[in-house]
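Subject: Structure handover

Hello,

Here is the structure you are taking over. Please keep it open while you read the notes below.

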Amino acid sequence: GENRVLEVVRYRVPPARRAAFLAAMREVRRARLRGGAALWRLYEDVAHPERWVELWTIENWAEHLREAARMTEQDHAVLRHAATFHEGGQGPEAARYVNVPV
C-alpha cells in the first residue's frame, strides 16, 4: 500500500545465543502478526552473524497506532525477553519508515 509503514528493529546477538534468540523471535513473530503486521521477517547478516534485523509492515499509520493499543502484557513480555539477547547500548535500535511513492 501507498501509506504502508515499515518497522525495523536491529539486534546484536552473540552467535552462541543464536538458537535461544531464534526461539524468542518465534514468539515475537506471533505477537507482531497478532498486532496487525501484514508481513514479518527476520534477517541475519551474512558477513556479521551477530547482526540481526527484524522487520514488519503495517498497512498505514492508523493501523500502526492501533498495533500499539492491541499489544497485551504478554506481548510486551515477549518483546522484553527478545531484547535481553541484544548486546551493547540501550537495547535494540528501532526505526519506523513510511512508504513514499515515487
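Which strand gives the most to the lining of the largest pocket? Strand 1 does, with four residues. Before the rest, some ground rules. This is a predicted model, in which local features need pLDDT of at least 70 and side-chain atom pairs count only at pLDDT 80 or more, while totals for chains, interfaces and linings use all residues. Residues are numbered from 1 along each chain as its sequence is written, and side-chain values use heavy atoms, with hydrogens and water left out.

The pocket

A pocket is found on a 1 Å grid over the protein atoms alone, as an open set of points where a 1.4 Å probe fits, with protein on both sides within 12 Å along at least five of seven lines; lining residues have an atom within 4 Å of a point. The largest pocket holds about 270 Å³ of space, a volume filled by probe spheres set on the points. Its lining has 18 residues, and V9, R32, W56, L79 and R96 lie nearest its centre. Strand 1, strand 3, helix 2, helix 3 and strand 4 (93-98) each give two or more residues to this lining. Helices (H or I, at least four residues) and strands (E, at least two) are DSSP runs, numbered from the N terminus.

Helix 3

Helix 3 covers residues 73-83, and D75, V78, L79 and A82 are buried in it (under 20% relative accessible area, with a 1.4 Å probe and protein chains only). These buried residues fall within an arc of 95° seen down the helix axis, so they line one face of helix 3; the arc is taken from the directions from the axis to the C-beta atoms. E73 and Q74, on the other side, are exposed (over 50%). Strand 1 (5-12), helix 1 (18-34) and helix 2 (61-70) are among what covers the buried residues.

The core and Y11

A nonpolar core is a set of buried Ala, Val, Leu, Ile, Met, Phe, Trp, Tyr and Cys residues joined through side-chain atoms within 4.5 Å. The largest one has 18 residues, of which Y11, V13, F21, M25, V28 and W56 touch the most other members. Helix 1 supplies the largest share, four residues.

Y11 lies in strand 1 and counts as buried because its relative accessibility is 5%. Leaving out residues up to four places away in sequence, Y11 touches F21, M25, E54 and A82, among others (heavy atoms within 4.5 Å).

Regards
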